[in-house]
Amino acid sequence: MNNNRRKIGIGIAVCACILLIGAGLYLTRNNKQETQESPDSAFVQDLNPDASTQEAKESDPPEGIRIPGYPSITIPADTKDVTVNLMNPEGNPCYFTFTLVLKDTDETIYQSKMVEPGKAITQITLSKELSAGEYPAILKISTAALDDGRAMNGANVETVLKVQ
Amino acid sequence: MKKKRAVAGGLLLVLGIAQSVSAGTTTVTYHVDPSYMVLVPANTTIPFNEESVNYGKIRIEEAQIEEGKCIQVELISDKKLKNQSGKEGEIPYEILADTTAFTKARYTTAGEETVLGITIDRESWKKAPSGSYADTVTFQISYVDATD
């Protein structure tokens, strides 16, 4: 009777050891795979911290880069802090960097950091206040690929700043 | 008697409300600012020795624009592919819409598009070091009078 109990106990202990060894091997193998799948990246994104997520429209990823158009941008006069909507449409393969340039003087009055696809900058600080009037301007959009930061095609969007 | 008074009172109330509703009108206006979305090719990378490749398309994805206006898309490029393998070498190229060199196009409605291609002269490839070649172009997008 005692012998039988001893045998059963030994059998249970052996099974438990086998299970523990197997679990350890499984976990070790998984950790190695995770390490291999996360390569180092030399590209460091300089993201705009104020960019907020936009509501995503249902659409397939574009076969190119979607550029939003701004026939005019209305901002208040005599203040540097203004509300705009500079967006990088969802699904784009690149970060956007926005630069706002006054056409008549070639003066840059705003430059953003990188904006991820699906996000927009809504509050910006201009380099100077503008008095009321209309100012032809160019919104320059430069791009950087999401994976390695290489420059992709860009756009200059002509617009009119309506300062009121 | 009470019932008749209640019915009469209810009728008066309804008539009174109807009269006040029809007494004035309200005009509601809503202005939709013009806006648009343009799809442009993402990059310009050409495999070695290729003389003609597809370059994607310019397409108007959204267009809420005023009557008499249009969206103009122009190409800004030095039209020289640069070697991406660290070797010195530039290759002149041309961007075509169908068979003609693309410079600019105008659009008024969503869905309009221009299919683009890139061509490179065979002789240019012969002079160039091996490797892949690429360039970045800038699309100048403006909102102009259609009659300009």
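Guide: We'll take the interface first, then the strands. Keep in mind that this is a predicted model.

Visitor: How many residues of chain B are in contact with chain A?
Guide: 26 residues of chain B, and they are in contact with 24 residues of chain A.

Visitor: And the area buried between them? What is it, and what do carbon and sulfur atoms give?
Guide: About 1900 Å² is buried between chain B and chain A. Carbon and sulfur atoms give 51% of that.

Visitor: Which side chains meet in a salt bridge?
Guide: Glu61(B) and Arg66(A), at 2.3 Å, N to O. Which parts of chain B touch chain A? β1, β3 (52-64) and β12 (138-145) each supply at least two residues of that side. By class, the side has 14 nonpolar, 7 polar and 5 charged residues.

Visitor: What about polar contacts?
Guide: There are 15 residue pairs in polar contact between chain B and chain A.

Visitor: Switching to strands. What is the order in the open sheet?
Guide: β2(A)-β1(B)-β3(B)-β10(B)-β7(B)-β8(B), 6 strands with antiparallel pairing. The edge strands are β2 (65-69) of chain A and β8 (100-101) of chain B.

Visitor: How many bridges pair β2(A) with β1 of chain B?
Guide: 5, in the antiparallel sense, with β1 covering residues 35-40. Back to Arg66(A): its bridge partner in β1(B) is Leu39(B).

Visitor: And β12(B): parallel or antiparallel to β9 of chain A?
Guide: Parallel. 4 bridges join β12(B) to β9 (residues 151-163) of chain A. There, Gly154(A) has Thr138(B) as its bridge partner.

Conventions:
Residues numbered from 1 in each chain as written. Chains lettered and ligands numbered in written order. Predicted model: local features only at pLDDT ≥ 70, side-chain atom pairs only at ≥ 80, totals over all residues. Heavy atoms only, no water. Pairing = 2+ DSSP bridges. Contact = heavy atoms within 4.5 Å. Buried area = accessible area lost by both parts, 1.4 Å probe. Salt bridge = Lys/Arg side-chain N within 4 Å of Asp/Glu carboxyl O. Polar contact = N/O pair within 3.5 Å; in protein donor to acceptor, adjacent residues only side chain to side chain. Nonpolar A, V, L, I, M, F, W, Y, C, P; charged D, E, K, R; others polar.
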